[in-house]
Amino acid sequence: AKYALIVKPHILSKNSVEDKYLTENYSTNSLMKIADYIISDYSAVSFEASLLSKPLYFYLYDINEYKDNRGLNIDITKEMPSECYGNADDLIKSITDGEYNFEELEKFKNTYVETDDRNNSKRIVDYILNCEVKKG
């Protein structure tokens, strides 16, 4: 087989997955490091995955139901429209075709994860202290 699919369900997931696709021995982060492609849905793991600069796809077969029942923090279909798929066949075709929009991934990463400096901790502390001063 050209591809090996490994599924790491969210701990709250009620979807059943065949045992041959599961692994309990490795963390999600460890699996992402060795993966050639990463497929997610609405999980925050997509932010971490973007740091690896590997092709990141979104399988959103139930987006309307998910949006209505749980809500979305961001609209990934607007953030990474060329990498969102409503059905598995289209997603598989995209992977096998080998074309990927890395510019879109980079923009996503820069919008939600990366900053231009290395003073993140200082910025957080300053924000918290500023909030305390305003409350006080």
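Student: What should I know before reading the numbers?
Tutor: This is a predicted model, in which local features need pLDDT of at least 70 and side-chain atom pairs count only at pLDDT 80 or more, while totals for chains, interfaces and linings use all residues. Residues are numbered from 1 along each chain as its sequence is written, and side-chain values use heavy atoms, with hydrogens and water left out.

Student: How many helices and strands does the chain have?
Tutor: There are seven helices and three strands. Helices (H or I, at least four residues) and strands (E, at least two) are DSSP runs, numbered from the N terminus. Along the sequence their pattern is α-β-α-β-α-α-β-α-α-α.

Student: And what box do the C-alpha atoms fill?
Tutor: Taken along the principal axes, the box is roughly 60 × 35 × 30 Å.

Student: How much of the chain is buried?
Tutor: Of the 136 residues, 24% are buried. Buried means under 20% relative accessible area, exposed means over 50%, and partly exposed is in between (1.4 Å probe, protein chains only).

Student: Changing topic, how many salt bridges are there?
Tutor: The whole structure has four. A salt bridge is a side-chain nitrogen of Lys or Arg within 4 Å of a carboxyl oxygen of Asp or Glu. In general, side chains of opposite charge can pair when their charged atoms come close.

Student: Which residue pairs with Asp 97?
Tutor: Lys 93 does, with an N to O distance of 2.7 Å. Both residues lie in helix H5 (residues 88–97), four residues apart, about one turn of the helix. Asp 97 counts as partly exposed because its relative accessible area is 46%, and Lys 93 is partly exposed at 49%.

Student: What about Glu 106?
Tutor: Glu 106 forms a salt bridge with Lys 109 (3.4 Å, N to O). These two are three residues apart in helix H6 (residues 102–112), again about one turn of the helix.

Student: Is Lys 109 buried or exposed?
Tutor: Lys 109 is buried, because its relative accessible area is 10%. Glu 106, at 33%, is partly exposed.

Student: And which residue does Glu 18 bridge to?
Tutor: Glu 18 bridges to Lys 20, with the closest N and O atoms 3.8 Å apart. Lys 20 is exposed, at 61% relative accessible area, whereas Glu 18 is partly exposed at 49%.

Student: Last one: where does Tyr 127 sit?
Tutor: Tyr 127 is in helix H7 (residues 120–135). Tyr 127 counts as exposed because its relative accessibility is 56%.
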